[in-house]
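Here's a quick walk through a two-chain model, written for someone who likes the cut-offs spelled out. Have a look at the structure, then read on.

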Amino acid sequence: MSDLSNWVGIVTGSAAGIGAATARMLAARGAKVVVNYSKSQQEAEETAAACKAAGGEAILCQADVANDQDCRKLTQAALDAWGRIDGLVNNAGTTKIVPHQDLDGLSAEDFQRIYAVNVVGPFQMCRAVAPTMKAQARGAIVNISSIAGVVGIGSSIAYAASKGALNTMTLSLARTLGPEIRVNTVCPGFVQGRWQQQWLGDQYDERIKQEEATTTLGRAGSPEDMAEVAIMFLTSCANVTGEIIMSDSGRHLGFAPIKAR
Amino acid sequence: MVPKGLLIPTPGFASAVAMGLDAHSEANGMGAARGMAMRDQVVVVTGAGSGIGQAAARRFAREGARVVVNYRQNRVGADATVEACIAAGGQALAHQGDVCDDTEARALAGAALAAWGRIDALVNSAGVTVPARHDDLEALSGADFHAVYDVNVVGSYQMIRAVAPAMKAQGRGAIVNVSSAAGVDGSGSSVAYAASKGALNTMTLSLARALAPEIRVNAVCPGVLDTGFLRGRLPDQAIDDIIAGVRAEAPLRRVGTVDDIAETIYWLIAGDPNLTGQTVVSDGGMRLKGWSLR
């Protein structure tokens, strides 16, 4: 399928995980994608190669979204390559893993470092692409947030707070960037992949089983699941803005009883 | 006193009512009030030199509480708050400190313990904004985002961390974060301000979960108020226009006052002992609007 052959998007933090999946799945529909990374250059190159193999086009652009000049540079890279920007996925994010009851485990610097990437970065990227999208009279922005922002769980209190901020900022920006630009957000629950592997270590496999046993949908979310929602917001849903969707296997409905085997 | 005609299910209940105590409350160490009787309870209020913080300090003082009135720069306002608290029937002392500085946050908690040996409640009222039209994204810098976050979120976190050990040791404590309706719907004085209050609302949930069962953590989300918070940051005419608009458009046809918000703060601390992790919006019903063309 190549229904996106005239569609250009930037996916921040797309070396791996949800960002990489989003880039690849857009490319599979013929899209042109800027694959952004901050540090993971080799993985980003692999993602770009996968995009091309899937049937789309891709260029690489290194940029740290916490740095406003980098955001402007990343935006310009898309314009230099293809002259338009139809979509932006604010996927780049960071965290620090601190049990919530360990209040001394987080410093002011931790809070601000996480805020810089998870909130200031998306703001700066939205600001950078908005003039182009407004001039086109069309554009869609998707923020990759987390259910941590909705219910306050997650890898740390500082991470959850940053995602709460991102969720609220979705509303502010959706309101002000309309009518030309739609702004929506995906809140993943558990996502298989590197972040969780780092967090859980050798408990990762057991956690997958727990997700399958205790969520309403009986499955452990994948990066592709999240990419699917992001791409839905980017390429359809013309009447939807300021929406925040949870993709968490129904976790927010409460824990399902462990099913007898 | 047991009212005539009251059905008394058990002897234990009868004696508890006769003593003026609710059996459940007594088991939780609570006083005669449903939640927390505030006489002689120690309340730390940040940013209490003005606005909501000042009103909250007065409200608790009216019940005979002992209030630590924190200020960063507004010494004159803090002194006025102390006077008002004493006049209202409570005790109060002023303590200078910037909640963004963890050492000063801990010293503020220490001041309460040094003066009165306990901390029963914390009101995180210190807050800042950088005003900017939402449609002018270039008007905000990354530094603005971080400055607002530092006071509104990091400062609140550091204060909660500073008071938590005392509250846990006492087996009871209650915390209220003064947030904003902006955190709920993304409105407010700037995108950066709204984002910080969204973070504060989420952090209220995290900390409610982490500090239970001894400590309850809730938030109040005011809508537009006529306080000094905006006066001095925006032109007077702009504020007058906003206030007039709210007065005309709010379902309750009024603009909230700092004393209104102080009442909600008081209730969140002294009222329902089963309430934690809640964000209560007090906005004259403005959130109800927008769903019809009028």
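Buried residues make up 50% of the 294 residues in chain B, where buried means 20 or more other C-beta atoms within 10 Å of a residue's own, exposed means 12 or fewer, partly exposed is in between, and C-beta atoms are placed from the backbone. This is a predicted model, so local features need pLDDT of at least 70 and side-chain atom pairs count only at pLDDT 80 or more, while totals for chains, interfaces and linings use all residues. Residues are numbered from 1 along each chain as its sequence is written, and chains are lettered from A and ligands numbered from 1 in the order in which they are written.

Chain B has 10 helices and 7 strands, taken as DSSP runs numbered from the N terminus (helices: H or I, at least four residues; strands: E, at least two). Of the contacts in chain B with a separation of 6 or more, 71% are between residues 24 or more positions apart; a contact means C-beta atoms, placed from the backbone, within 7 Å.

Take α5(B) to begin with. Its buried residues are A105(B), L108(B), A109(B) and A112(B). Seen down the axis, they fall within an arc of 90 degrees, so they line one face of α5(B); the arc is that of the directions from the helix axis to the C-beta atoms. T103(B) and A114(B), on the other side of α5(B), are exposed. What do the buried residues of α5(B) pack against? They pack against β1, β2, β3 and α6 of chain B. Just after α5(B), G117(B) has a positive phi of about 75 degrees.

Now for α6(B). This helix bends by about 45 degrees at D150(B), the bend being the angle between axes fitted to the seven residues ending there and the seven starting there. Just after α6(B), G171(B) takes a positive phi of about 85 degrees.

On to the interface: 32 residues from chain B meet 33 residues from chain A. On the chain B side, α6, α7 and α8 each give two or more residues, and α8(B) gives the most, with 15 residues.

Notes: Two residues are in contact if their C-beta atoms, placed from the backbone, lie within 7 Å.
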